[in-house]
Protein chains: 2
Amino acid sequence: MGLQNTLRALADPIRRDILSLLKTGPLSAGDICSHFSVTAAAISRHLSVLKEADLIRDHREGKFIYYELNASVLEEIMLWITELKGDKDDA
Amino acid sequence: MGLQNTLRALADPIRRDILSLLKTGPLSAGDICSHFSVTAAAISRHLSVLKEADLIRDHREGKFIYYELNASVLEEIMLWITELKGDKDDA
DNA sequence: TTAACAATTAACTTAATTGTTAATTGAAGT
DNA sequence: ACTTCAATTAACAATTAAGTTAATTGTTAA
């Protein structure tokens with residue numbers, strides 16, 4: 001958990017694109033897949049990395065599993081960056 | 001260049017620690033090394049990754065090479081995050 | 001229960017990253 | 001020129017990550 005997982009998850013262009021897709025609302029895994037040219041299995045693993053970082057949440061509806069963005073954890077990155085840019089007085 | 005390099009560079013705890021060390025001002029490679037328990041060669045490569053991402057700048061002074069933080073590129077991440085959290089209307 | 005479909009997990013391959021030690025570059029002093 | 005010290009680069013071993021295909025899990029409907 002934490003910053004490490006979040007940054008690791010964001011350090012991949014496909015995963016960032018997935019997050020952008022989810023900006024407008026939840027999508028099923030299949031819907032997400034259809035936007036990329038890799039296999040469903042590959043996307044599924046990307047989704048699990050994002051989920052591990054708590055950047056997305058999932059819930060099943062019948063046959064489908066829907067994913068939705070959880071942008072709140074990005075706050076931690078904002079804080080880290082702000083701190084790095086900000087007060088030059090504590091190490 | 002760009003967001004990809006920046007996020008990749010940040011996705012390593014040692015590299016983030018290096019940036020934090022540089023918050024208070026420039027340090028030589030040796031100074032930086034002394035804070036970690038890996039070899040100088042390993043740190044040198046971390047530094048080159050950070051430099052490639054333009055997160056740090058270097059300049060030589062005699063035998064020493066000093067590194068300093070360039071936090072300005074972090075702005076791009078802030079923007080990306082803000083956009084992701086913000087306007088829910090464009091994909 | 002069987003068939004069909006959505007999605008994940010498993011097994012495996014390949015490429016990228018991280019670390020080590022050894023060799024190299026660059027600058028300063030003798 | 002030679003030595004010494006700071007730092008990087010090269011070459012290699014080990015780990016991690018990302019992709020593929022094939023098998024498995026979970027759900028719905030006949």
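The model is predicted, so local features need pLDDT of at least 70 and side-chain atom pairs count only at pLDDT 80 or more, while totals for chains, interfaces and linings use all residues. Residues are numbered from 1 along each chain as its sequence is written, chains are lettered from A in the order in which they are written, and side-chain values use heavy atoms, with hydrogens and water left out.

Chain A brings 29 residues to the contact and chain B brings 29 residues, contact meaning heavy atoms within 4.5 Å. Between them the chains bury about 2,800 Å², 65% of it on carbon and sulfur atoms; buried area is the accessible area (1.4 Å probe) that two parts lose on being put together, summed over both. Of the area that chain B buries against chain A, 26% comes from Arg16(B), Lys23(B) and Leu84(B), more than from any other three residues.

Two salt bridges link chain B and chain A, each a side-chain nitrogen of Lys or Arg within 4 Å of a carboxyl oxygen of Asp or Glu. Glu75(B) forms a salt bridge with Lys85(A), with the closest N and O atoms 2.3 Å apart.

A search of the whole structure finds zero disulfides over all chains, a disulfide being a pair of cysteine sulfur atoms within 2.5 Å. Cys33(A) is buried, at 15% relative accessible area, and Cys33(B) is buried at 17%. Buried here means under 20% relative accessible area, exposed over 50%, and partly exposed in between (1.4 Å probe, protein chains only).
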